[in-house]
Every structure is written in C-alpha cells, then in structure tokens.
Amino acid sequence: MAKRPPITNRVRELREQHGGMSQSALAEAIGVTRQTVIAIEQGRYSPSLESAFRISRVFGVGLEDVFGWEG
C-alpha cells in the first residue's frame, strides 16, 4: 500500500462552509476532474502548487488555511 503524502487539507470543510459547494463545482473552478478533488480530500493526492493556490483563492483564504504539513 502506498504511503499517504504528509499534506493535510480542509477542502471538504471549506466546501461545506461555502454553501455546500459540490466537488464537481470546485473541480470546474480550479480546472481539474471531480476524481482529483476526491483524491485531494481523502489525502491520497497532493495537488500541484498551482491547483493549491487556485483552491485557496476559490475559498478566499490563505494557502495555509487550506493545507498543512504533518511531520
């Protein structure tokens, strides 16, 4: 089994706080697939730096308000 990346995130929580934004809507807003958003939320995939910045801008928060580093 592959080791999970040491990056944590609050993407699901932020989607819920923003009117229950769907995974599909977030994916469209940042230019990725819904499956990519699912993988990010589940901690199975670390987004590119560009995608991370796009996510933080969609929610109007800083990068470190969305993502953290374990370890």
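This is a predicted model: local features need pLDDT of at least 70, side-chain atom pairs count only at pLDDT 80 or more; totals for chains, interfaces and linings use all residues.
Me: I'd like to start with the charged side chains. What makes a pair count as a salt bridge?

Reply: Look for a side-chain nitrogen of Lys or Arg within 4 Å of a carboxyl oxygen of Asp or Glu. Searching the whole structure this way turns up 4 salt bridges.

Me: Which residue forms a salt bridge with Arg15, and how far apart are the closest N and O atoms?

Reply: The partner is Glu41, and the closest N and O atoms are 2.5 Å apart. Arg15 sits in helix H1 and Glu41 in helix H3, so this pair ties together parts that are 26 residues apart in sequence.

Me: Are Arg15 and Glu41 buried or exposed?

Reply: Both of them are buried. For Glu41, the relative accessibility is 13%, and the cut-off for buried is under 20%.

Me: Which residues are linked with Glu41 in a network of salt bridges?

Reply: Arg12 and Arg15 are linked with Glu41 in that network. The side chains of Arg12 and Glu41 meet at 3.3 Å, N to O. Helix H1 spans residues 11–17 and helix H3 residues 34–41, so the Arg12 pair ties together parts that are 29 residues apart in sequence. Arg12 itself is partly exposed, at 42% relative accessible area.

Me: Now for a pair inside one helix. How many residues apart are Arg54 and Glu50 in helix H4?

Reply: They are 4 residues apart, which is about one helical turn. Their side chains meet in a salt bridge of 2.6 Å, N to O. Arg54 is partly exposed at 39% relative accessibility, and Glu50 is partly exposed at 49%.

Definitions and conventions:
Residues are numbered from 1 along each chain as its sequence is written. Side-chain values use heavy atoms; hydrogens and water are left out. Helices (H or I, at least four residues) and strands (E, at least two) are DSSP runs, numbered from the N terminus. Buried means under 20% relative accessible area, exposed over 50%, partly exposed in between (1.4 Å probe, protein chains only).
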